[in-house]
Amino acid sequence: MQTKAPQDKERAYPPPLTYVKVGLLLGFITAVEVGIFYVQALRGAFIPIFLVLSAVKFALVAMFYMRLRFDSRLFSWLFVGGLLLAAAVMVALMALFQVFIRG
Amino acid sequence: MQHSPSIGHVAEPETTTGLDHRKLLIWTFLGSECLFFGSLIATYLVYQGQSVVGPFPKDILEIPVTSVSTFVLLASSLMMVLAVTAIERGDMRAFRIWILACAIMGSTFLGFQVYEFNAFVHEGLTPRTNLFGSTFFTLTGFHGAHVTVGVIWLVSLFAGSLRGRVNPQNSLMVDIAALYWHFVDVVWIVIFTVIYLLGVSLG
């Protein structure tokens, strides 16, 4: 059964089965992450691999479980705005302490 | 857009944005929380590899144990979203089952964290041992505090549903708690990657 978003300009919320599928996908990606962790041959590519997989999991939870994909765009802007500010603070702080130079 | 008011639907709020202010507030709060945790994660990264004495991340962090607790927290998010859909369709029995399952899983995650902190202290890592200890305990401790608040919130919603205070007509209360819970989950997704997977593998 589908439930509907309470306000205008939104799409209908997905049925519970969709959330279960997303949950299985999240579990699968986590298992892949842990599996890759033990593959030493991929060690050189750990940073991009883990960051991409982590970003995918983050996006899945935000879009489906937090229902940003179906709710008002304003909510997305509030959250993404916070995320972008946080990213800017992180980069600034790390640059200030020369993290990128020391590697 | 379909607009048949049914069980679990909040009436259209009469606000300038057309959105409920409580939901706007929680999203604004979560946006500010991104900055809070972003700063803590950045601090961890700034001091990563700067500890003069051990234990170091690769000596002490246990990926298998933390992987299990990560699975538990991810599963709790699924329980939470199922609780939200249950109350929105007016199924209070299912709502109580899912939200209780979510609270139990959240408590299990906290149990893992207590075990981990206890093990680390016995192995000589405290917040005062080195820079790794200070930043690790600060970051994961604040996350654990957020999970604790979330568990208390979930249990209060469960209790409220038994007394009839939480019902399909005010399902927004559950929706807001769910957003907080999922946020705690996404923060852990980042922590698990940055501190555990990358922290251990890169030294």
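The axis of a helix is a line fitted to its C-alpha atoms over the stretch in contact, and the angle between two axes runs from 0 to 180 degrees between their N-to-C directions. Two packed helices are described by this angle together with the distance between the axes. The structure discussed here is a predicted model.

## The helix pair between the chains

Helix α3 of chain A, residues 73-96, packs against helix α1 of chain B, residues 21-47. The two axes lie 8 Å apart and form an angle of about 20°. Angles under 35 degrees count as roughly parallel, and α3(A) is therefore roughly parallel to α1(B). The crossing of α3(A) and α1(B) is right-handed. Sorted by class, the residues in the contact of α3(A) with α1(B) comprise 19 nonpolar and 7 polar ones, and no charged residues occur there.

## The contact between chain A and chain B

Taken over both chains, the contact involves 46 residues of chain B and 45 residues of chain A. On the side of chain B that touches chain A, the elements giving two or more residues are α1, α3 (63-88) and α6 (172-201) of chain B. Helix α1(B) supplies the largest share of that side, namely 13 residues. By class, the side of chain B that touches chain A has 25 nonpolar, 17 polar and 4 charged residues.

## Chain A

Chain A contains 4 helices and 0 strands, and its elements follow the pattern α-α-α-α along the sequence. The chain is divided into domain 1, covering 12-71, and domain 2, covering 72-103. The centres of these two domains of chain A, taken over C-alpha atoms, are separated by 21 Å.

## Chain B

Chain B has 6 helices and 0 strands, which run as α-α-α-α-α-α from the N terminus on. The C-alpha trace of chain B spans about 65 × 35 × 25 Å along its principal axes.

The crossing of α3(B) and α6(B) is left-handed.

The residues of α3(B) that meet α6(B) include I63(B), T66(B), L73(B), L74(B), M80(B) and I87(B). Among the residues of α6(B) that take part are V174(B), D175(B), W181(B), W188(B), F192(B) and V200(B). The contact of α3(B) with α6(B) divides by class into 15 nonpolar, 4 polar and 2 charged residues.

## Backbone features in the loops

Most residues other than glycine have a negative phi, and most peptide bonds are trans.

In chain A, R67(A) has a positive phi of about 60° although it is not a glycine. R67(A) is placed in the loop between α2 (46-65) and α3 of chain A. Is this residue buried or exposed, given its 22 C-beta neighbours inside 10 Å? A residue counts as buried if 20 or more other C-beta atoms lie within 10 Å of its own. R67(A), with 22 such neighbours inside 10 Å, is therefore buried.

Q98(A) is likewise not a glycine, and it has a positive phi of about 55°. Q98(A) lies in the loop between α3 and α4 (99-102) of chain A.

In chain B, the peptide bond from G54(B) to P55(B) is cis, with omega near 0°. P55(B) lies in the loop between α1 and α2 (57-60) of chain B.

How values were computed:
Residues are numbered from 1 along each chain as its sequence is written. Chains are lettered from A and ligands numbered from 1 in the order in which they are written. This is a predicted model: local features need pLDDT of at least 70, side-chain atom pairs count only at pLDDT 80 or more; totals for chains, interfaces and linings use all residues. Angles under 35 degrees count as roughly parallel, over 145 as roughly antiparallel, 65 to 115 as roughly perpendicular and the rest as oblique. A crossing is left-handed if the near helix is turned anticlockwise from the far one by less than a right angle, and right-handed if clockwise. Ala, Val, Leu, Ile, Met, Phe, Trp, Tyr, Cys and Pro count as nonpolar, Asp, Glu, Lys and Arg as charged, and the others, Gly among them, as polar. Two residues are in contact if their C-beta atoms, placed from the backbone, lie within 7 Å. Domain bounds come from an automatic or database domain assignment. A residue is buried if 20 or more other C-beta atoms lie within 10 Å of its own, exposed if 12 or fewer, and partly exposed in between; C-beta atoms are placed from the backbone.
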